[in-house]
Amino acid sequence: MDRPYIFCHMFVSLDGKIMGNYMDLPACEAASDLFYDIAFGPEPVYRHQGWLSGRVTTDDNFTHYRTPDLIPHAPTVPAGDFVARQAPMYYVSVDPKGKLGWQSDTLTYETTTAHVVEVLTEQASNDYKAFLRRLGISYLLAGKDTLDYALALEKLKRLFGIQVLMLGGGGVLNWSFLQAGMCDELSLVVAPAADGNPRTQSLFRAQEGLSTDKPISFTLLGAEARAGSALWLRYQVNAKK
Ligand SMILES: NC(=O)c1ccc[n+]([C@@H]2O[C@H](COP(=O)([O-])OP(=O)(O)OC[C@H]3O[C@@H](n4cnc5c(N)ncnc54)[C@H](OP(=O)(O)O)[C@@H]3O)[C@@H](O)[C@H]2O)c1
């Protein structure tokens with residue numbers, strides 16, 4: 001399969017949480033800067049051309065649960081994928097049914113600007129695809145009812161030139177890609193904080209219909225203590241037995 005090299009890069013608390021009020025502590029600032037710099041800073045460790053997010057992560061951070069501005073019964077769009085344009089960096093959102101209420105084809109994350117690419121399945125409506133075209137948002141189709149991982153990744157490489165892809169959360173997306181054998185490396189920035197909240201999302205989470213709790217092991221590639229009591233851990237993902 002011709003797919004990008006995939007590393008999962010995440011910011012976690014000591015109790016393995018990827019969101020929560022621990023993030024508001026000043027003690028997390030250095031770890032937060034480290035997290036950004038490793039992937040997006042002026043001298044990044046990883047040289048990726050895109051990062052992949054789950055639908056909930058996109059809604060929480062960028063589209064804020066807005067309803068997409070659909071024109072009902074839009075004229076039928078041409079079949080297949082839509083490559084609006086090429087860009088040096090892509091934000092790729094797995095949105096199987098086409099729910100995200102984008103307002104622009106471009107987003108900015110701190111100092112990083114990216115062109116939006118939607119990964120849809122055939123569950124997404126014609127009206128939603130017409131809406132993306134109107135905004136100049138690229139999309140690709142991968143799978144009928146469920147995501148065809150290999151096809152999505154092959155298209156990201158072939159249509160957009162993504163050689164290295166960051167798997168960027170949340171926990172549901174991360175675990176489904178790991179279980180599908182679509183992640184090569186794990187990069188964790190561990191913040192020196194926790195909040196013990198039982199309801200917040202953790203680094204990996206199986207979701208019915210997408211993944212199971214079949215275990216996966218990792219081999220340590222590096223462990224570095226950094227400024228502000230932050231830890232940077234790197235693991236190779238071991239093949240599933
Ligand atoms: N600390 C960090 O570094 C970090 C990084 C990223 C995100 N986060 C946080 O993580 C939280 C969200 O995580 P989450 O785990 O709840 O959600 P998520 O992984 O962002 O999104 C889950 C949704 O994405 C779609 N999806 C994901 N994998 C899929 C697959 N294999 N096939 C088909 N659809 C798939 C589904 O959308 P549908 O429901 O539409 O079917 C699924 O319900 C947010 O609060 C975010 O801020 C933290």
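Which domains does the domain assignment of the chain give? Before I answer, please keep in mind that what we have here is a predicted model. The assignment divides the chain into domain 1, made of residues 1-49 together with 164-241, and domain 2, which runs over residues 50-162. The C-alpha centres of domain 1 and domain 2 lie 23 Å apart, and to the contact between them domain 1 contributes 23 residues and domain 2 likewise contributes 23 residues.

Let me stay with that interface for a moment. About 2,000 Å² of area is buried between domain 1 and domain 2, and carbon and sulfur atoms account for 65% of that area. On the polar side, ten residue pairs are in polar contact between domain 1 and domain 2, counting pairs with both residues at pLDDT 80 or more. If we look at the side of domain 1 that touches domain 2, the elements giving two or more residues to that side are helix H1 (29-40), strand E7 (164-167) and helix H5 (171-179). Of these, E7 gives the most, with four residues. Sorted by class, that side of domain 1 holds 15 nonpolar, six polar and two charged residues.

Now to the charged pairs. In general, side chains of opposite charge can pair when their charged atoms come close. For this model the count comes to nine salt bridges. Across the interface of domain 1 and domain 2, one salt bridge is found.

The peptide bond from Gly169 to Gly170 is cis, with omega near 0°, and Gly170 sits in the loop between E7 and H5. The other place is His73, a residue other than glycine whose phi has a positive value, near 60°. His73 is found in the loop between helix H2 (55-63) and strand E3 (90-94).

Finally, a word on the record. An unreviewed UniProt entry carries the annotation "domain: Bacterial bifunctional deaminase-reductase C-terminal", which covers residues 4-208. Over residues 4-208, the chain in this model is 25% helix and 22% strand, and the end C-alpha atoms of that stretch are 26 Å apart.

Technical notes: Residues numbered from 1 in each chain as written. Predicted model: local features only at pLDDT ≥ 70, side-chain atom pairs only at ≥ 80, totals over all residues. Heavy atoms only, no water. Domains from an automatic or database assignment. Contact = heavy atoms within 4.5 Å. Buried area = accessible area lost by both parts, 1.4 Å probe. Salt bridge = Lys/Arg side-chain N within 4 Å of Asp/Glu carboxyl O. Polar contact = N/O pair within 3.5 Å; in protein donor to acceptor, adjacent residues only side chain to side chain. Nonpolar A, V, L, I, M, F, W, Y, C, P; charged D, E, K, R; others polar. UniProt positions renumbered as here; feature names shortened; annotations may be inferred.
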